[in-house]
Amino acid sequence: MVIQDLQRFLESQVPGACVPVDLLKIAKSVSIRRGNQRNVPRGGYGQPPLTLVVDGECCLDRLYGGFFSDWVCGGQWNRMVQFLAVLIQTVQSNNIELAVFFNGALEQQRLNEWSRSQIALRRNVNSVLKHVTVKGTPPPKVWWVAPVGLRTCLRMALRHLNIQVLCTMDDHHQEVIAFCRENNYHGLMAEDAEYIIFDPPRYFSSHQLKLTYKGSLETKEFILDEVARGLGLQRNYFCLLAALLGNYLLTESDLRDFYAALVPNYDRQQTPQEEVIRAVVKFIVNRCDVNNLLSVGAQIFGSISDPRVAKFKESVQYFLNGTKDGFLRYKPFQSGRRDGGHRQSPHQSVPKQEVQESKHSSSPSESHQEPGPQIDPNPLPLPPVPHEVMRTASERHQKGLMCPWVYQVLTQGEVKFGVCMEDENSRELPNAVLFYRPVRQFVYAILFNLHHHTFMARKAKEEGQKGLATEVPEIKVREWVYTKNNPYRTADIVEATPINWAVPTVQRLWFGSVVDDKKRRLRAFLSCMRSDSPLMLHTSHVPQHLLIMATVLRYIMSNPTGPVLRKQELDAFLVTAFSPDLTNAHYLQDLQLPLVTARGAQLAALFMLGVETALFANDACGAPVPWLMCCPWLYFDGKLFHAKLIRANCARSLVEVCDGEIDLVAKVERCRQAILEGIRVEFAHPLLPPMPGAGGHKVGPPPPYPMAHPPGRGRGRGGPVRNSVQGGGVGRMFSRGGQLQVAGVVVGSWGPNYGSSGNDYRPRGTRYPHNGGGNMQGRSESSRFSRTTRGRPTVLAKRRTIKKREIRSSRGRGMSMEAPGNRWGVPQTSRSARFVKSHRGNEGAPGHARWWLQQPVISSGPRRGRPFAKPTLHASKPHLEWPQEPGLRC
């Protein structure tokens, strides 16, 4: 629609319409508007503050912290919270008050516009995943896509920082401008040209908002008097301009013939939007009369009987309802109840049936329009919702205290889901929205009391009572989900699924205050997430702030259709949640990722959508988990998860992933035990490497960490590492090289073989970073004597080797930890070895991990392969022991 380009046109083509300002300086010189003084909020300094309404939907990237490149990893939530804390502190210390709005309305009337924007985001996602797969680096900011769960995290973070957060209920634009006028706010900050048409008191650009290091809060302000002067229009003609530029009521396809008559050789794809805007402005100045819309409509469309004339009048009326004089006549739709009939939008001036007929009517220009969503005007029959439940849902929704899906399902029986960071052609990972549909089916049954209706119907049938319903009502909800075969063309009809125990009614879950009600709330939530197991309630295994994370991971692991996660990926999620670096925003900001993988980005998106679904179930069950324990920055960070995933894919054990922190290993093991309790554990397998001669091509840079064990020896952590982005493509496996020892003397060594084809050639002497374990020297340096003797060392070479060995033995051979069932010890250098004092007095308690010292014992004859090492217990070193878990695995 051309109206979306109007703000950029005013900023670039109309001189004086857009000027840079500093909001902090404006706050110092602000004066109270004349009028109603009672509702004006007062600042903390005894003077009136600068009050601004912020449309959060227009500045998601600015509130997130900017276009820093790590958004593709799944969201850096702690860094976002840190940025918001600095922003809010600056705002509040300079006497500015904010009210942030998020779109919580279903807006069925804008569904066509919403679907087009989501399809455009889908193209961005495809470009991002292709870039990450080919190059293994973060994508450019031009493809920025909001991380999954960003709106939820922003609502929680702003609420945590004591900022007023609101969610719209029926029409987002109308409710934002109405709140601004009713509460006498000084201005509006957004990035949508429709707000300019509404003629707010002051209008600031949210896209240009910058918090600078010099302590200023800069943006640009649109001077509406200069806008009218630059366009040559009176301000009361803005509504007519917006209607003729196209919107969700009168679309650009409806106006194609009108544009073709104004602009010679008009083409929707090639004609610049500036030419169209100038032509429409010229037409309004010369030919239009705002007081006679019928004549203007007949002049544009040729006849008063054309169905597009009714759309034109409705569009003009919509924008008039947002102006200063028109908003008083705007009455919000009281959506506390469903009447079962056609739902009428608050801005419509014509009956709903007439609008539906006009939308389906044939016009000369609609033959070229792309097929949009097929909206069924008949609502699905749903059981009535109790009044107190609907009132509570409405209040909590409006204040941003509840997942918006709850209110949408209760009022309209319909919900829509945007696209997320996933490959629509992937065979490894499922469609994220469809993957969590069983959870939503349980939630639908709870919200509409399916178990109660089933019980009452069975009781009425058994007793034969007349006048009572003996049939269980059908509970079906429409879900708008993007799939490759159905890109928002039709809605999926999803039926509620009852839980296999007597779930209380939604009134009892929401308002019950006894201890049993609290227990049933928590059990209902855990049942929705397939996590109703004993260990989930033990805080020694699952801390309270990690309960949401644990339920999501358990749901993923219990997928009945097949495994989704690999073992090292599950460990990466858990290590990220328990890592002490999770809350260190400065460390995460400086952390550099050597490789970005498409599979890692998709796993993060899958997990975050699971978090949103879990919060939906939590709110529907009466919020048994407090909202402070639900914040995603307590257990996840996309960038840290990516770093741990890269490490886990190459590490020999969990100890290496945890950087030698044994207490961290114990926490991860215990949480994993609770997550996998009672389910058949089956991990996904990595893709097979290409066959020799298959002509594999390079998909990405080599992994930052080489293999930590010789090839042929089982890793036990999900299979070998492949040099490819973990989401598809052809890759190759790497070996770590090795050493040849005779009688304990190193006589030859070789580096890893990085090359497998002409495109993958790398010099043999190239060094790659590693994290302990094994000699990773290149052949060009470590095998300088073995190249000339072909493995038969000369006397000089032997002397050099023995000399090096003596020096190495004087430094010590390091420490390694062995556990029952683990044949190979985990090498630890003397610096990274950490000792934990024993909890018991007996040094020789069986079944516990111990510290062992490997001392070489040279035999009289030559030996091949691994040198013999006799494990000797060091009595002077304390052994590692966990008092409650004898089977510690490392």
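**Helix pairs, cysteines and a buried serine**

Helices H24 and H29 are oblique to each other. This is a predicted model. What lies behind the word oblique? Two packed helices are described by the angle between their axes and the distance between the axes. For H24 (residues 567–578) and H29 (residues 662–675), the angle is about 120° and the axes are 10 Å apart. Angles from 65 to 115 degrees count as roughly perpendicular, and those over 145 as roughly antiparallel. The crossing of H24 past H29 is right-handed.

Now look at the side of each helix that takes part. H24 brings Lys-567, Leu-570, Asp-571, Leu-574, Val-575 and Phe-578 to the meeting. H29 answers with Leu-664, Lys-667, Val-668, Cys-671, Arg-672 and Ile-675. Sorted by class, this contact has eight nonpolar residues, four charged ones and no polar ones. One member, Cys-671, is buried, with a relative accessible area of 0%.

A second pair can be set beside it. Helix H19 (residues 437–447) and helix H22 (residues 515–528) cross at roughly 145°, and their axes come within 9 Å. Val-439, Phe-442, Val-443 and Ile-446 come from H19. They meet Ala-524, Ser-527 and Cys-528 of H22. This contact has six nonpolar residues, one polar and no charged.

How many disulfides does a search of the whole structure find? It finds zero. Take Cys-167 as a case. The closest cysteine sulfur to its own is in Cys-403, 9.4 Å away. A disulfide needs sulfur atoms within 2.5 Å, so the sulfurs of Cys-167 and Cys-403 are too far apart for a bond. Cys-167 is also buried, at 2% relative accessible area.

Next, go to Ser-115, in helix H5 (residues 111–135). Is Ser-115 buried or exposed? Its relative accessibility is 3%, so Ser-115 counts as buried. Setting aside neighbours within four places in sequence, Ser-115 touches Pro-373 and Tyr-488. Ser-115 and Pro-373 are 258 residues apart in sequence. In space, their C-alpha atoms are 7.5 Å apart.

Finally, step back to the whole chain. It has 32 helices and 17 strands. Of its 890 residues, 53% are buried. Consider the contacts between residues at least 6 apart in sequence: 73% of these join residues at least 24 apart.

Key
Residues are numbered from 1 along each chain as its sequence is written. This is a predicted model: local features need pLDDT of at least 70, side-chain atom pairs count only at pLDDT 80 or more; totals for chains, interfaces and linings use all residues. Side-chain values use heavy atoms; hydrogens and water are left out. Axes are lines fitted to C-alpha atoms, for helices over the stretch in contact, and angles run from 0 to 180 degrees between N-to-C directions. Helices (H or I, at least four residues) and strands (E, at least two) are DSSP runs, numbered from the N terminus. Angles under 35 degrees count as roughly parallel, over 145 as roughly antiparallel, 65 to 115 as roughly perpendicular and the rest as oblique. A crossing is left-handed if the near helix is turned anticlockwise from the far one by less than a right angle, and right-handed if clockwise. Contact means heavy atoms within 4.5 Å. Ala, Val, Leu, Ile, Met, Phe, Trp, Tyr, Cys and Pro count as nonpolar, Asp, Glu, Lys and Arg as charged, and the others, Gly among them, as polar. Buried means under 20% relative accessible area, exposed over 50%, partly exposed in between (1.4 Å probe, protein chains only).
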